[in-house]
Amino acid sequence: MIIVVPIRLLWELVALIGRLVGRYVLRPIGWLVYQVVIRPVAWLFRVLVILPLRWVAETILVPLGRLVYRYLLRPVGRALVWCLAMLLVPFAYAAHWIGRGLAALWRAVWPLLAALGRAIAYFWRLAGIVLFHLLVRPVRWIWRTFVLPILRVVAWVWRVTVLTAARWVRVNVLKPAGAAVRSVFRALGLDTRRP
């Protein structure tokens, strides 16, 4: 606290001196420099540089640019366009006639291609009908008439003979034998199951 107060007072004194110097010395010097040096130099620059350059641009460069455009650039551009047109017109003409020839060829070939497509579709349909009647219908008839009844008979015989016998063996032989083996193991103390 003892050190801070003198430093704070010194800081306040420096700030007060700075404000006084800024207000009564630097600001008037700045105003004087602006009025005596900067404004006259800016006026001289405007009068001696900007205005002459504007006059040169408006009276000499713009008309000269218009003349160069009108009598040099535009004719040269038109000549280039004309030369390019002279080079490209034969190609465009040839492309026009080639396109017309291709269109005529397409108009001539299109009916043949359409007829060929219709013929292919007709023969495809005809082949489907023939295959259906020569292959699918006989196979379906054989399946329904012979194979399916035979498979039903085989399934019935399997159920009656094998499944019935297997069920009888399981119920009358295997279950009692398993129960007997378990009771023997239990009697011998070899039963691994917990009660």
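## Exercises on a predicted helical model

At 47% relative accessibility, Tyr122 counts as partly exposed. Keep that value at hand for the first exercise, and remember throughout that this is a predicted model.

**Exercise 1. Work out how the rings of Tyr122 and Phe123 are arranged, and how exposed each residue is.**

Solution, step by step:
- Begin with the total: the structure holds four aromatic pairs.
- One of these pairs joins Tyr122 and Phe123, with 5.7 Å from centre to centre. Rings pair if their centres lie within 6.5 Å.
- Now take the angle, which is 65° between the planes. Planes over 60 degrees apart count as edge-to-face, and that is the label for Tyr122 and Phe123.
- Finish with the surface: Phe123 has a relative accessible area of 53%, so this residue is exposed. Tyr122, at 47%, is partly exposed.

**Exercise 2. Find the salt bridge partner of Arg8 and explain how the two residues are placed along the helix.**

Solution, step by step:
- The count for the model is one salt bridge.
- Arg8 has Glu12 as its partner, and their closest N and O atoms are 3.2 Å apart. The cut-off to check against is 4 Å.
- Arg8 and Glu12 are four residues apart in helix α1, so about one helical turn separates them.
- For accessibility, Arg8 comes out as exposed at 51%, while Glu12 is partly exposed at 36%.

**Exercise 3. Name the residues of the positive surface patch and place Arg66 in the fold.**

Solution, step by step:
- Four arginines make up the patch: Arg66, Arg70, Arg74 and Arg78.
- Arg66 belongs to helix α1, which covers residues 4-188.
- A patch member needs over 30% relative accessible area. Arg66 has 55% and is exposed.

Note on methods: Residues are numbered from 1 along each chain as its sequence is written. This is a predicted model: local features need pLDDT of at least 70, side-chain atom pairs count only at pLDDT 80 or more; totals for chains, interfaces and linings use all residues. Side-chain values use heavy atoms; hydrogens and water are left out. Patches are made of residues with over 30% relative accessible area and no salt bridge: like charges are joined within 9 Å, nonpolar side chains (Val, Leu, Ile, Met, Phe, Trp, Tyr) within 5 Å. Accessible areas come from the Shrake-Rupley method with a 1.4 Å probe; for residues, only the protein chains shown count as cover. A salt bridge is a side-chain nitrogen of Lys or Arg within 4 Å of a carboxyl oxygen of Asp or Glu. Lys and Arg count as positive and Asp and Glu as negative; His and the chain ends are not counted. The place of a charge is taken as NZ of Lys, CZ of Arg, CG of Asp or CD of Glu. Buried means under 20% relative accessible area, exposed over 50%, partly exposed in between (1.4 Å probe, protein chains only). Rings of Phe, Tyr and Trp (its six-membered ring) pair if their centres lie within 6.5 Å; planes under 30 degrees apart count as stacked, over 60 as edge-to-face and the rest as tilted.
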